Amino acid sequence: MKTTYSRYIGLAAVAFASLGVISCDDYLDITPPSEIAPELYFNSADQLAAYTINYYCNYSNWDTGQGGQFPSHADYTSFIHDDMGTDNEASSSCGNQFYEGADYKVGDKGGDWYFNRINDINFFIRRVRPKIEAEEISGNPVAAKHYFGEAYMLRAMEYFHRLRRVGDFPIITTDLPDDRATLVEASKRQPRNKVARFILADLDSALTLLSDGSATGGRARITRDAALLFKARVALYEATWEKYFAGTPFVPDAAAGWPGKEKSYNDGFVYDNEAEVRFFLDQALAASKEVADAHPLLTQNSKNAIGADASVGANPYYDMFATTDPSIYDEVLMYRVYNREKGVAHSLNQYMRQGQARGYTQEFANAFLMENGLPIYAAGSLYAGDDWVADTKQNRDWRWQLFMKAPGEYVYTDADDRMGGGKNYDVPVVWSGSVKFCTSTGYKKGKYMTKLTKYTSTGTDETASIVFRAAEAYLIYLEAAWERYGDNLDSDAWKYWQALRQRAGVDTDINKTINATDLDKEEFYTHDLALYSAGRRIESKVLYNIRRERRCELMSEGFRLDDLYRWRALDQIIGGGYYVHGAKIFGPMLSGFAKNRLKYDQADPSNNNVSSPSDTEAGFNGDANYLSMFRVTPDNKFYKDGMSWHMAHYLSPIAVGHFLDSSADGTDISSSPIYQNPYWSTTSNTPAQQ
């Protein structure tokens, strides 16, 4: 029987393209890796560059989840992997992993258990390494080493994707022949901490080879700083995962029911949770500090309120996300550029302008601090309330002021377009359809929103995507320092935190915020899922504010779901009952809507376009004046239970076909070297066991 591992020997498209603009269509297919003669190829720096850049091209497999690394802009849903389906952003539904029913099941085939790209990269590394070591590559030697180093970074990224999705995974460092016995042997899963250590080792290899990019395409390609930041990201992810999942089958602890203990090839494996957590935290601290110290100046926030008047104006912090060329911003460590004349463009701003059935939640809105550093509920905060969407911006953290678009704001420099759907542009468009600037929640998303109308048509958008930026390093150090040492943060942590606050236009007296924080009130006003880890509410107000800082700084950049996973912040919604909400449209704002524009309590519920003002059951703390995102119509499968959770959903199930393909006779799953993830079965089409 031929196994699915024959995909190891797949075609590799190799590119000869300019270093600036990257396009799948520009690449020329050549001989499959299994047939390439290394003596005829991989002889020049240009040839190495052409091979590795191909693996920037189509990360469609990553586009199916949150937090992908090289956004493709192939369509709106894959752009930046926003925070949809979390407590940050909402529409009328969210992912099946949050559904109380049985829609998330073990598959027959597919999923994240695949090796073709890893195999292609291994092929490259094995054949190029001896040529690099012997200095046999022609061209610029710095460039040759750099492009070779990219392969280690790319393999690390492939493995990090699998670590996040399936946990334990085979560690394979060579391209494999299409031989059944060899491929079955290679299917043995390695404990997740060993996989994470392997990723860091690959990144260390990359760091010895990569340059600053000045001779290799600049920051439109991988650079040493990008690899260093990625190392910090991986290390923090694994440290916090292993800490908060300690004592569960989700870490390789045999005493806690780790499924890998049932395989003889794991006999003798010893796991020390506390030691592993310390190791990964120390790695995160060192890598993030190096990046942060190399980029001590974050992009300036000029405090020009973009869109406050018809001139629209400029603000470097806003423009960093809305430009076609982020190279002028030192904070941006890697980005992707587009050129529609070469057929390389996307449609993000078309969706942001029209037809975007999503928006920021009320829960998220309430999390942002005031400019004076106080939470909205604190005495003297100067909070203007939320009767009108625009009111929530007054005296607030500038990240909310800049990146949430309110009714009445001007949008473009070349058109007299304003947000809103009321006669005086004073209320949001909270219904979908062919209406400009609609938003499911009333709080319109504005990060990455262009200021030029020429980028708002299908396939014309050249707005660059930021892949890595230095602010993340500040946040990583800050969180890792708390996880390592508790409330007694070191001077570097305070320095980085103050830099983030200063750029956000928030009082840099962080202790003022901490002292004013009331976790009971945070739970009431923000319903912040990150108030919890492992089913228990966190006790440290310092940690909560660190998590708040990360939530606000990285809004709409696709980190939120991964953060909730690694913090084990979803246990408390097991059984359902978590609803997300939008703006207070049934308060004073109601007067701004045209008559009969808001449809609720219709005889045919499918005609509703907003929730009912009498639906206190799922109201925001019982207040039905706020939109309730899942309660527009009973036809919504989230209507009854809201968001729910199952422990199994922290990791994806491995499809049954992979067990069968690697079994002794193609039918006996128990003979496969693969083991299933916790609380999933090896029977096709079955839901989580718990």
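How many residues does helix H5 have, and how far does helix H5 reach from its first C-alpha to its last? The close-ups below begin with that helix. This is a predicted model, in which local features need pLDDT of at least 70, side-chain atom pairs count only at pLDDT 80 or more, and totals for chains, interfaces and linings use all residues. Residues are numbered from 1 along each chain as its sequence is written, and side-chain values use heavy atoms, with hydrogens and water left out.

**View 1. Helix H5 and its packing partners.** Helix H5 (residues 192-209) has 18 residues and reaches 26 Å from its first C-alpha to its last. That is close to the 26 Å expected at 1.5 Å a residue (the expected span is 1.5 Å times one less than the number of residues). Helices here (H or I, at least four residues) and strands (E, at least two) are DSSP runs, numbered from the N terminus. Among the buried residues of H5 are Val195, Phe198, Ile199, Leu203 and Leu207, along with Arg192, Asn193 and Asp202. Buried means under 20% relative accessible area, exposed over 50%, and partly exposed in between (1.4 Å probe, protein chains only). The buried residues of H5 pack against H3, helix H6 (224-244) and helix H7 (273-294), with contact meaning heavy atoms within 4.5 Å.

**View 2. Helix H1 beside helix H3.** The axes of H1 (residues 45-53) and H3 (residues 141-166) come within 8 Å and cross at roughly 20°. That makes H1 roughly parallel to H3. Angles under 35 degrees count as roughly parallel, over 145 as roughly antiparallel, 65 to 115 as roughly perpendicular and the rest as oblique. Axes are lines fitted to C-alpha atoms, for helices over the stretch in contact, and angles run from 0 to 180 degrees between N-to-C directions. On the H1 side, Ala45, Leu48, Ala49 and Thr52 meet residues of H3 including Tyr147, Glu150 and Leu154. By class, this contact of H1 with H3 has eight nonpolar, one polar and one charged residues. Ala, Val, Leu, Ile, Met, Phe, Trp, Tyr, Cys and Pro count as nonpolar, Asp, Glu, Lys and Arg as charged, and the others, Gly among them, as polar.

**View 3. Helix H2 against helix H3.** H2 (residues 116-133) and H3 pack at an angle of about 150°, with their axes 10 Å apart. That makes H2 roughly antiparallel to H3. The residues of the contact of H2 with H3 divide into 13 nonpolar, one polar and six charged. Among the H2 residues that meet H3 are Ile118, Phe124 and Arg129.

**View 4. Arg550 in helix H16.** Leaving aside its neighbours within four places in sequence, Arg550 is in contact with residues including Glu479, Asp563 and Trp567.

View 5. Leu382 is exposed, with a relative accessible area of 58%. At 2% relative accessibility, Tyr448 counts as buried.
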